[in-house]
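Q: Could you walk me through reading a protein model, one feature at a time?

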Amino acid sequence: MLATTATVKETSNNKAGPMIPRGMELPFVLVTVLFFLWGIPNNLNDVLIRQFMKSFEISRFQAGLVQSAFYLGYFLFAMPAAFLMRRYGYKFGFIAGLLLFGAGALLFWPAALAGQYGYFLAALFVVASGLAFLETASNPFVAQMGDEESAARRLNFAQAFNPLGAISGVLAGTFFIFSGVELTPAQVAAKQAEHTYRAYLHTEIMRVVAPYMAIGVFALV
């Protein structure tokens, strides 16, 4: 009985095809990049909360709306994304997701110029809406792109890049968003007396633009 089971397992392993079927290397690499890509904004949210508390002078509760706006996009668009892809295919899902993701990231620029916190929340909602499409499409696409026996290996390999994106998001936030300048109450009062405090806050707001512009351009390309 044991010998028979071993023979069946060996036969099954022999029948299993390669992890990435021939001719599918480029699509697999491109979709794997998406696993890396959506890990970045997920972990930039914590950086944004801290930065917005300083630059908009808001409470932690108000800053927490960053997470609310972000995950509301997931909540509202995950099911429609699945329905639309069932009708129009994975390609539609990838393109729609990348367009929404890229557009939401690029909206950080006008939001920063306007200096309105609500505009940033709207941009984050658009970003998350795009990610809902991308995540809904990527997992089943990777699983179905080759033999069923190797589907788990493909998924595990692709998903391994998501934590790398998360780490990259934290590093990007640390180096490009945080200025390291924390004013004391006395320094705030001095800048207010000099009428330069608002300019300082605007400079802090503009620091969030560069990482999201880079992400948005990359997604669209």
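**Reading the model, feature by feature**

Q: Which residues form a nonpolar patch on the surface?

A: Leu164, Ile167, Leu171, Phe175 and Phe176 do, with about 540 Å² of accessible area together. Such a patch is made of residues with over 30% relative accessible area and no salt bridge, where nonpolar side chains (Val, Leu, Ile, Met, Phe, Trp, Tyr) are joined within 5 Å and like charges within 9 Å. The areas come from the Shrake-Rupley method with a 1.4 Å probe, and for residues only the protein chains shown count as cover.

Before we go on, a word on the source. This is a predicted model, in which local features need pLDDT of at least 70 and side-chain atom pairs count only at pLDDT 80 or more, while totals for chains, interfaces and linings use all residues. Residues are numbered from 1 along each chain as its sequence is written, and side-chain values use heavy atoms, with hydrogens and water left out.

Q: Is phenylalanine 176 buried or exposed?

A: Buried means under 20% relative accessible area, exposed means over 50%, and partly exposed is in between (1.4 Å probe, protein chains only). Phenylalanine 176 has 51% relative accessibility, so it counts as exposed. Phenylalanine 176 sits in helix 10, residues 161-177. Helices here are DSSP runs (H or I, at least four residues), numbered from the N terminus.

Q: What about the inside: how many residues does the largest nonpolar core have?

A: In soluble globular proteins, nonpolar side chains tend to be buried together. A nonpolar core is a set of buried Ala, Val, Leu, Ile, Met, Phe, Trp, Tyr and Cys residues joined through side-chain atoms within 4.5 Å. The largest one here has 52 residues, and those with the most contacts inside it are Leu48, Phe52, Phe101, Phe108, Tyr117, Phe120 and Leu131. Among the elements that give two or more residues to this core are helix 3 (39-55), helix 5 (65-88), helix 7 (108-114) and helix 8 (117-144). Helix 8 gives the most, with 14 residues.

Q: Which residues does leucine 131 touch?

A: Contact means heavy atoms within 4.5 Å. Not counting residues up to four places away in sequence, leucine 131 touches Trp38, Pro41, Asn42, Phe70, Tyr74 and Phe101.

Q: How do I check the length of a helix, say helix 2?

A: The expected span is 1.5 Å times one less than the number of residues. Helix 2 has 13 residues and should span 18 Å; its end C-alpha atoms are 18 Å apart, which agrees. Helix 6, with 17 residues, reaches 24 Å from first C-alpha to last, close to the 24 Å expected.

Q: How many salt bridges does the structure hold?

A: A salt bridge is a side-chain nitrogen of Lys or Arg within 4 Å of a carboxyl oxygen of Asp or Glu. The structure holds two. In one, glutamate 204 meets lysine 54 at 3.0 Å, N to O. The pair links distant parts of the chain, with glutamate 204 in helix 12 (residues 197-206) and lysine 54 in helix 3, 150 residues apart. Both partners are buried, glutamate 204 with a relative accessible area of 3%. Glutamate 204 also touches Gln51, Ser55 and Ser179, among others.

In the other, arginine 198 pairs with glutamate 57, the closest N and O atoms being 3.7 Å apart. Arginine 198 lies in helix 12 and glutamate 57 in the loop between helix 3 and helix 4 (60-63), 141 residues apart. Arginine 198 is exposed, at 59%, whereas glutamate 57 is partly exposed, at 41%.

Q: Where is glutamine 67, and which residues is it in contact with?

A: Glutamine 67 is in helix 5 and counts as partly exposed at 22% relative accessibility. Leaving aside neighbours within four places in sequence, glutamine 67 is in contact with Asn45, Asp46 and Ile49.
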